[in-house]
Structures are given as C-alpha cells and as structure tokens.
Amino acid sequence: VAGRTPLIAGNWKMNLDHLQAVAFVQKLHWTLKDAKHEDGSVEVAVFPPFTDLRTVQTLLDADKIPFALGAQDLSAHDSGAYTGEISGAFLAKLDAKYVIIGHSERRQYHEETDEIVGSKVKAALKHGLVPVICVGETSEDLEKFGASAVPVSQLSVALEGLKADADIVVAYEPVWAIGSGQAATPEQAQDVCAKLREVIGEKLGADAAARTRVLYGGSVKSANIASFMREPDVDGALVGGASLVVDEFAAIIRYQK
Ligand code: PEP
C-alpha cells in the first residue's frame, strides 16, 4: 500500500433498483458509523446501475455519507446519436468520481476490445472521471500463457497515449475468480499486481507507478480481504457479490481495524 489510500469498491452489477439502493446505502452507512469507521483511512466507493446514480448521489449528499460514487461503464463518445449509451459528461454532472471500464463481463458479453477500453479510458479522463481499468486472464489464458501475460497486455493497450499525470485505478480481476468463490491466492494477486504496476511505470513513469492504486478483484470476502491487503502491491479490492450484503461489505471495509 505504501502511502496509497486503500480503496474498497463495490460493483453492484445489475442488482438493486433505485429504491433498494437507498435502503442499502443507508444501512451500510449506519453499520459503519456505529463502529466509527468512516475516518477516511479507507476509501469506500459504490458502483450502482445507471438508473440508481441520481438517487444515490442525492442520498450521499443529503446525509453527508462519505462514499464515493461510480458508474459501471460509459460511452467512448461525448454525445450524439448513440442510442442507449451514457456520456462521461452526464456521470460527471452526477458527481460520479469513478467509472469501471473493461470489466470482464463487458469484454465477454459486449465484445469490448482492448482498443474500445482504451478509448473509454480517454473519455473518462476527458470528463474528469477516474477510470477503474479492469484487466484479467480467463482460465484458458491462465493455462496457455500463465497469469500475467494477458492482464499486462490489456493494461498496456489501455494506457496507450495517456499523460503521466493521469488519475487512474487499475483492477486485476482474474476472470476465473469472479463470482466463482475461488479467489486467487494473495501471492498470485501480489505477483500480477506488481507486474501491472511495472506497466504503469513503463507507460506513465515512476511517479504514476508509485501513486496509482492497483486493486485485486475476484471472490473477495470478509474472510480473505486482510490476506490480500497485506500484500505490498495490492491497494484495495473490487468486490462484486459480497458488496451486496451490508454486513459482509462492512466487514470487508473494516478489514484492518
Ligand atoms: C467483479 O465482478 O468485479 C467481482 C470481483 O465479482 P465477485 O466479487 O463476485 O467475484
């Protein structure tokens, strides 16, 4: 972690409508607040579906709840004839800080290539959003090329043409570990996260490598979060399933206390 504020990010995927989101965020806030946990030593971010963003923004603002807001995707375009797409400008106007880009489910079900991911990263930065760039190998990739080759090449393309001061987050999410209950070992996560940090260094320079948070994602839960967070190049977690259960997500956020 070395000076980087840990980030615990909850990717809700296509779960919780805007009314359920209100109940969930309030409950999470109160669970953490009772335990005096919102002291800023860990940054918490929630990534609801697009249709919840306005409601969650209003709630965070009104109740001064210190969670950052993020979206799960954005369009590579600013505006225009792109039916069904959401512009980064709209997300920025809703006070979204983060946007997930290149999640394996987008790569798999929506055929997002490394080049599309790269153009979305640029669109996010253009609108002042911090892209959470997801990379990771499938089990076939793992067998054929080992763990790091695919994520390293995905990240190299995603960072192409960015400036040294680009504010980004990288998430290493082995596809075989997502939603499977079979997390990577802390050593595996450390190894790939360290290699991804090297890519950041090669593409954006040493300052960016030292500053940028690299998260691990894939079957993170309260029982394994501390073991990942002990690794020097793991700066937080991108959490799917366990981010939808208040007590479990709160326990993940409290990992080190
Ligand atoms: C994810 O989809 O980003 C993820 C990490 O999911 P899960 O925690 O459910 O494995």
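Biologist: What angle do the axes of helix 5 and helix 7 make where they cross?

Modeller: In this predicted model, the axes of helix 5 (residues 114-126) and helix 7 (residues 149-158) cross at roughly 45° and come within 8 Å.

Biologist: Why is helix 5 called oblique to helix 7?

Modeller: Angles under 35 degrees count as roughly parallel, and 65 to 115 as roughly perpendicular. The crossing of helix 5 and helix 7 is at roughly 45°, so helix 5 is oblique to helix 7. Helix 5 also passes helix 7 in a right-handed crossing.

Biologist: Which residues meet there, in helix 5 and helix 7?

Modeller: From helix 5 come Asp114, Glu115, Val117, Gly118 and Val121, and they meet Gln154, Val157 and Ala158 of helix 7. These residues divide into 4 nonpolar, 2 polar and 2 charged.

Biologist: Thanks! And what makes helix 7 roughly parallel to helix 8?

Modeller: Again, set the angle against the cut-off. Helix 7 and helix 8 pack at about 25°, their axes 10 Å apart. Angles under 35 degrees count as roughly parallel, so helix 7 is roughly parallel to helix 8. Their crossing is right-handed.

Biologist: Which residues of helix 7 and helix 8 meet?

Modeller: Pro151, Val152, Leu155 and Ser156 in helix 7 meet Val192, Lys195, Leu196, Val199 and Lys203 in helix 8. By type, this contact has 6 nonpolar, 1 polar and 2 charged residues.

Biologist: Let's turn to the active site. Where does UniProt place that feature?

Modeller: The unreviewed UniProt entry places "active site" at His103 and Glu173.

Biologist: How do you know that they gather at one spot?

Modeller: They span 71 residues in sequence, yet no two of their C-alpha atoms are more than 8.4 Å apart, so they gather at one spot.

Biologist: Is His103 buried or exposed, and how do you know?

Modeller: A residue is buried if 20 or more other C-beta atoms lie within 10 Å of its own. His103 has 28 such neighbours, so His103 counts as buried. His103 is found in the loop between strand 4 (98-101) and helix 4 (104-109). Leaving aside neighbours within four places in sequence, His103 is in contact with Gln72 and Cys134.

Biologist: What about Glu173: buried or exposed?

Modeller: Glu173 has 28 other C-beta atoms within 10 Å, so Glu173 is buried. The loop that holds Glu173 lies between strand 6 (169-172) and helix 8 (186-204).

Biologist: Which residues is Glu173 in contact with, leaving aside its neighbours within four places in sequence?

Modeller: Those contacts are Ser104, Cys134, Gly136, Ile178, Gly217, Gly218 and Leu238. Cys134 is also in contact with His103.

Note on methods: Residues are numbered from 1 along each chain as its sequence is written. This is a predicted model: local features need pLDDT of at least 70, side-chain atom pairs count only at pLDDT 80 or more; totals for chains, interfaces and linings use all residues. UniProt positions are given in the numbering used here, feature names are shortened, and annotations may be inferred rather than shown by experiment. Helices (H or I, at least four residues) and strands (E, at least two) are DSSP runs, numbered from the N terminus. A residue is buried if 20 or more other C-beta atoms lie within 10 Å of its own, exposed if 12 or fewer, and partly exposed in between; C-beta atoms are placed from the backbone. Two residues are in contact if their C-beta atoms, placed from the backbone, lie within 7 Å. Axes are lines fitted to C-alpha atoms, for helices over the stretch in contact, and angles run from 0 to 180 degrees between N-to-C directions. Angles under 35 degrees count as roughly parallel, over 145 as roughly antiparallel, 65 to 115 as roughly perpendicular and the rest as oblique. A crossing is left-handed if the near helix is turned anticlockwise from the far one by less than a right angle, and right-handed if clockwise. Ala, Val, Leu, Ile, Met, Phe, Trp, Tyr, Cys and Pro count as nonpolar, Asp, Glu, Lys and Arg as charged, and the others, Gly among them, as polar.
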